[in-house]
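Here's a quick briefing to read alongside the model. Have the sequence and the 3D view open, and follow the topics in order.

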Protein chains: 2
Amino acid sequence: MGDKKSIWNFDMLFRPRSVAVIGASKKELTIGYRIIRNLVEMRFCGRIYPVNSRASILQDLLVYQSILDIPYDVDLAHIVVKSGHVPKVLSECAEKGVKVCIINTAGFKETGPEGAKLEEEIVKIAHKTGIRILGPNCQGIINTDPEVNAYCNFTFTRQKPGCISIFTQSGGVGEVINNRLCELGEGLRIYASSGNSCDIQCHEILKYWGDDPGTRVIICHIENIEDPEVFKKVAGKVSKKKPVLGMLSGRTRAGERAIASHTGSIIKNSLHNKTVVEDSGILLFNSLEEICQTARAFAHLPLPEGKNAGIITNTGGSGIIAADELIERGCRVPKLAEQTQKALRKGLYTEAIVSNPVDMLATAGPEHIEKTLSVLINDPEIDSILLNFITPFFVDCEAVALKIRDISLSSDKPVICVVMTDKNLWEPTLRVFSQAGIPTYDLPEIGAKVLASMTQYRGLVEK
Amino acid sequence: MGDKKSIWNFDMLFRPRSVAVIGASKKELTIGYRIIRNLVEMRFCGRIYPVNSRASILQDLLVYQSILDIPYDVDLAHIVVKSGHVPKVLSECAEKGVKVCIINTAGFKETGPEGAKLEEEIVKIAHKTGIRILGPNCQGIINTDPEVNAYCNFTFTRQKPGCISIFTQSGGVGEVINNRLCELGEGLRIYASSGNSCDIQCHEILKYWGDDPGTRVIICHIENIEDPEVFKKVAGKVSKKKPVLGMLSGRTRAGERAIASHTGSIIKNSLHNKTVVEDSGILLFNSLEEICQTARAFAHLPLPEGKNAGIITNTGGSGIIAADELIERGCRVPKLAEQTQKALRKGLYTEAIVSNPVDMLATAGPEHIEKTLSVLINDPEIDSILLNFITPFFVDCEAVALKIRDISLSSDKPVICVVMTDKNLWEPTLRVFSQAGIPTYDLPEIGAKVLASMTQYRGLVEK
């Protein structure tokens, strides 16, 4: 078995050249229909083989009665048939030489002792034949690499290609994360939901993404860690290469209890899981919103070299909110050096405040922002910049945005842009950022949290 | 002076029958233009008197050369002239019999010793004449009461009438809160920004809003508390009547330093401020986002009677996230009574999980939601409900929304609705909630935080 496994490669799961869907359906509101529709609509680069004992043509594709009838090689097979039929179908897949099955079907360990027995049965088949399983009770995968375009998944969310990869056990949580990133205009690299995780484990996928040149940031929502020692070893290596942002469910008794009936996992010790994840160098979050917002910054901005943040603002109040939040999360907001203050005084209004936060005042225009940003970026004592910009009606905000764009894109220090505005009235201003791939944040405390996480990661990598 | 003050009434500030704008301007991008434009556009119910030594007609209104030339009573005057002219203009206002001035002009205590002297001068005039001052260095007020429609403010944000009132010192922070609530479809009752707060203090406004029947929830962003004892006494009474959600800036050294140059306030002891605010029964937040989200729930939902939350979900993972968050914030997620479980088992799929969280499964339709919600609302051991609904493509989500709407509107327990969806694809489903005035939340942890705050407030009121 070991041999069979060793020739297996995660490309079969994430870059399949052909996909069979066993349990393909003509009914639009079924998973067996939706997966094929997604593969077709998103222009999957490989071949698609629907399998169903009855239908003969489905979404313009020839349907095979059995996986064994397909006269071509099949890398990956979706299994969507009823749970009782899964062992037989899985064995046929192994016989056909399929390398990996995504078992979307539910009704296994999560439902009680009988389902657990069924799950043991399929794990045995996998071990005996070397076929690998993602699932059961899972959503599937997505790979947006234009050379692959694999939407092996029944989602409706349409991600554009990006550099964030996402692992979740729960397909529902995965859907929520994908949807939120989409809403934020952010792209996806690879997504995987492993459901009950009876065979393929989180750490194996992390390892693959660690080596994937297209993945810059990893989001990882974990309900249970099967083998903490292996996880720590693998995740520890990956998190040195690229940031891994994690969220751990089942932190409380009610949470643990719910996980047992969700994916059938028994959490042995949730506190221990927390330690394992933290020891792996994974940045821990308790909020899906914060994990998404932070991933965007890691995806597009350079890392800060140290803890010293410079805050620029055009309204005092939001600068103060940012300062409090940054400091409470371990950053420093040092007074600026006399030389820096001098340089700022030359370029700003006399009433402007040139300590840290630098308050340029609401009337500050493009030339003031340009001056302030440049001076802080060139200050060797400042490692990162949090820029709070509220769009005043008496300022040419689009011109301000263009200055920020040009300077921050050529900066080797991260510039976190908080743009507080009416999104409808100032759409052209916001478009300057989105078109340049610069993430913007709506509120000062969110920008500050994001910058603090980047600073924390820099500290972890240096250890 | 005390006498003069005592006949003064905050209706003059928040329900003025006439407003003068001293420093009115024809230039569109000035505050002196914008305030008049807002009053006109938002159909201020009183009279508007522009004052400017030059212009004679402005936005179709007759311009007076001096406040003293206006032949009618003036309740409220905006002062937008340069800071050096403010004392003279303020004295004229007092002479004219104006009751309160909003001094938008900056350049006072926040700029250093000279500005501080100027501020002392205007405070002296106020004390001598009995005229009251909001500001200086402030944004102004808004009262959306259709009988008033006072947009004494240079904002661009257009709030619809609602029941949340907002106090901030910083106009910038006020703008951000107003804008975010607008974006969430939420209405405003009254808004006030007091800037340097040289005369009118936060606690006076809180007291007024405590008695305002149109205000159901108060948001309060505080940078400094001038008189902690008075604040505690007043705010303590108001917070028993209606929830006051507070955020305190200047929690750190850098924050304190920045406040000194923002509104000129010297924070004597930020830790002490925190205690004062907490002792007042104000719910404390560190996030503008959370304060806005929580205010929406208080504005529309009944309070929970106790700590026991029932979680309903159609995807396991999000239910677990909610459970963890609720428990970590002091709520309970108890196992459901045998009788309740029995009732649920009758109405749900056999694979559904009827402990707490109740996982109805993704295929659950309107009849399952109806059953589950009704059973939990009727369970005397459950005080509140957190409903997680992800919109599956194979479910009639609009019908589900209609059921949730009908049941939750007639419930005396709060039902917090988390609706996870693609906002464009499921717009009709979301519209069911928004048209009924039911707030929805995008993510389970946000809904859970909101419910935990409501539960905490219930505990504070009972004390």
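This is a predicted model: local features need pLDDT of at least 70, side-chain atom pairs count only at pLDDT 80 or more; totals for chains, interfaces and linings use all residues.

A residue counts as buried under 20% relative accessible area, as exposed over 50%, and as partly exposed in between.

**How the two chains meet**

- On the chain B side, 63 residues are in contact with chain A, and they touch 63 residues there.
- In chain B, the residues that lose the most area to chain A are B:R257, B:I320 and B:F393, which together make up 14% of what that side buries.
- The size of an interface is often given as the accessible area lost when the parts come together.
- Here, about 4,900 Å² is buried between chain B and chain A, with carbon and sulfur atoms giving 65% of that area.
- How many residue pairs are in polar contact across the interface of chain B and chain A? The rule finds 22, with both residues at pLDDT 80 or more.
- Several elements of chain B give two or more residues to the side that touches chain A: the helices and strand are α6 (171–183), β13 (244–248), α9 (253–260), α11 (288–300), α12 (316–328) and α17 (444–462).
- Of these, α12(B) provides the largest share of that side, at 10 residues.
- Sorted by class, the side of chain B that touches chain A has 27 nonpolar, 19 polar and 17 charged residues.
- Salt bridges also cross between the chains, and the count between chain B and chain A is 6.
- One of them pairs A:E325 with B:R251, whose closest N and O atoms are 3.9 Å apart.

**How the copies are related**

- Two copies of a chain are related by a rotation about an axis and a shift along it.

**Backbone spots to check**

- In chain A, the peptide bond from A:N356 to A:P357 is cis, with omega near 5°.
- A:P357 sits in the loop between α13 (338–347) and β16 (358–359) of chain A.
- Chain B has a cis peptide bond from B:N356 to B:P357, with omega near 5°, and B:P357 is in the loop between α13 (338–347) and β16 (358–359) of chain B.
- B:N149 isn't a glycine, yet its phi is positive, near 50°.
- You'll find B:N149 in the loop between β8 (140–143) and β9 (150–153) of chain B, and at 18% relative accessibility it counts as buried.
- B:L361 is another non-glycine residue with a positive phi, near 80°, and it lies in the loop between β16 and α14 (366–378) of chain B.

**Salt bridges**

- Side chains of opposite charge can pair when their charged atoms come close.
- Over all chains, the count comes to 52 salt bridges.
- In chain A, A:D212 and A:R189 form a salt bridge at 2.9 Å, N to O.
- That pair links distant parts of the chain, 23 residues apart: A:D212 is in the loop between α7 (202–211) and β12 (217–222), and A:R189 is in the loop between α6 (171–183) and β11 (190–193).
- Buried or exposed? A:D212 is buried, with a relative accessible area of 8%, and A:R189 counts as buried at 11% relative accessibility.
- In chain B, the side chains of B:R189 and B:D145 meet in a salt bridge (3.6 Å, N to O).
- B:R189 is in the loop between α6 and β11 (190–193) and B:D145 in the loop between β8 and β9 of chain B, so the pair ties together parts that are 44 residues apart in sequence.
- B:R189 counts as buried at 11% relative accessibility, and so does B:D145 at 9%.
- B:E338 and B:R345 also form a salt bridge, with the closest N and O atoms 3.7 Å apart; B:R345 is partly exposed, with a relative accessible area of 47%.
- Back in chain A, salt bridges that share partners join A:R15, A:D145, A:E147, A:R189 and A:D212 into one network.

Methods:
Residues are numbered from 1 along each chain as its sequence is written. Chains are lettered from A and ligands numbered from 1 in the order in which they are written. Side-chain values use heavy atoms; hydrogens and water are left out. Contact means heavy atoms within 4.5 Å. Buried area is the accessible area (1.4 Å probe) that two parts lose on being put together, summed over both. A salt bridge is a side-chain nitrogen of Lys or Arg within 4 Å of a carboxyl oxygen of Asp or Glu. A polar contact is a pair of N or O atoms within 3.5 Å; within protein, one must be able to donate a hydrogen and the other to accept it, and residues adjacent in sequence count only if both atoms are side-chain atoms. Helices (H or I, at least four residues) and strands (E, at least two) are DSSP runs, numbered from the N terminus. Ala, Val, Leu, Ile, Met, Phe, Trp, Tyr, Cys and Pro count as nonpolar, Asp, Glu, Lys and Arg as charged, and the others, Gly among them, as polar. Buried means under 20% relative accessible area, exposed over 50%, partly exposed in between (1.4 Å probe, protein chains only).
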